[in-house]
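User: Can you take me through this one? I'd like to go over the charged pairs and some helix packing.

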Amino acid sequence: MVLAHSGAGADQAFLDSGQYTRESILKYELVYGVNFVSPGGKRCAARLIEKLDLKPGSRVLDVGCGLGGSAFLMKQKFGLNVDAIDLSDNMLELARLRLTEAGLAGQVSLYNQNCLDIEAKNAYDGIYSRDVFLHIKEKERLFAIFFEALKPSGKLLFTDYCCSEGSWSEDFTQYVKRRGYHLCSAPEYRNLIKEAGFEVVEAADVTKQFIAFSEAELKTIRTLDIDENVRESLKTDWQRKIDRARTGTQRWGQFLGVKPSENTG
Ligand SMILES: C[S@@+](CC[C@H](N)C(=O)[O-])C[C@H]1O[C@@H](n2cnc3c(N)ncnc32)[C@H](O)[C@@H]1O
């Protein structure tokens, strides 16, 4: 294994005692679907892994794997060999449980790891990440690390919460501040990936999809067998998210970059 030392530290405590308490994770999972904590759940993950277009046996790093849904799918449906990392202890504890429940114990490697501490070199055919980089301020450093970790011709595929290029509404500013997010616009991400050395294949604003997923998730929330106060608070959160996306400040981006092959340039 080529990952570095444990990622324990201030960021981990921030995640585990803030957005990703065990209780919050389980609540999110009810909305997104078993083993997922990101927009579109399993259906979206399957589509994106397909897009990665890697041969069975290829080696993939799932960055910020959460409960492991994508990593499990990569192994089960696509025959990929996956290292999955996450910084949150709460996430990983549940992911280990879910791994066993899925009958995949020993088949997907789960590590408690800060992605900024990855020390792998020329090790992966693909790096996949879903809605994680919003938590990370040092994005230039992040993409330099990924570039190093990929083999020549290796692919980086990720989705992330993004922002518009123009000025932000007060509501959006407060939301981002409360969550401690570090957001980029899709064009900013395009530049970051390019500057790190990747050929940018895709840097798309897919907010329409995000709205469609969020609307479906809102319907799910209405059907859940949960405490009414919890339902109301989830409904409010999801409706606000949809409104922010509809008015244009909150965006969702999808990105694919390829590390040039050794004989390029
Ligand atoms: C919105 S969740 C998405 C989880 C998963 N990718 C999914 O699709 O269900 C974001 C995840 O990123 C993880 N994360 C945040 N900062 C991280 C870091 N620096 N290194 C590794 N994981 C991180 C969080 O703990 C959380 O599990």
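**Salt bridges and helix packing**

Analyst: Glu101 is exposed, at a relative accessible area of 56% (exposed is over 50%, buried under 20%, partly exposed in between, with a 1.4 Å probe and protein chains only). This is a predicted model, where local features need pLDDT of at least 70, side-chain atom pairs count only at pLDDT 80 or more, and totals for chains, interfaces and linings use all residues. Residues are numbered from 1 along each chain as its sequence is written, and side-chain values use heavy atoms, with hydrogens and water left out.

User: Which residue forms a salt bridge with Glu101?

Analyst: Arg98, with the closest N and O atoms 3.5 Å apart. A salt bridge here is a side-chain nitrogen of Lys or Arg within 4 Å of a carboxyl oxygen of Asp or Glu. Both Arg98 and Glu101 lie in helix α5 (residues 89–101), 3 residues apart, about one turn of the helix. Helices are DSSP runs of H or I with at least four residues, strands are runs of E with at least two, and both are numbered from the N terminus.

User: Is Arg98 buried or exposed?

Analyst: Buried, with a relative accessible area of 11%.

User: How many salt bridges does the structure hold?

Analyst: It holds 13. One of them joins the side chains of Lys51 and Glu202, at 2.8 Å from N to O. That pair links distant parts of the chain, 151 residues apart: Lys51 is in helix α3 (residues 41–52) and Glu202 in strand β6 (residues 199–205).

User: And how accessible are Lys51 and Glu202?

Analyst: Lys51 is partly exposed, at 33% relative accessible area. Glu202 counts as buried, at 17%.

User: What about Asp131, which residue does it pair with?

Analyst: Asp131 forms a salt bridge with Arg130, the closest N and O atoms being 3.7 Å apart. Asp131 is buried at 9% relative accessible area, and Arg130 is buried at 7%. Elsewhere, salt bridges that share partners join Glu29, Arg98 and Glu101 into one network.

User: Switching to packing. At what angle do α9 and α10 pack?

Analyst: About 165°, with the axes of α9 (residues 207–223) and α10 (residues 228–247) 10 Å apart. Axes are lines fitted to C-alpha atoms over the stretch in contact, and angles run from 0 to 180 degrees between N-to-C directions. That makes α9 roughly antiparallel to α10 (over 145 degrees; under 35 is roughly parallel, 65 to 115 roughly perpendicular, the rest oblique).

User: Which residues make the contact?

Analyst: Among them are Phe210, Ile211 and Leu218 of α9, and Leu234, Trp238 and Ile242 of α10. Contact means heavy atoms within 4.5 Å.
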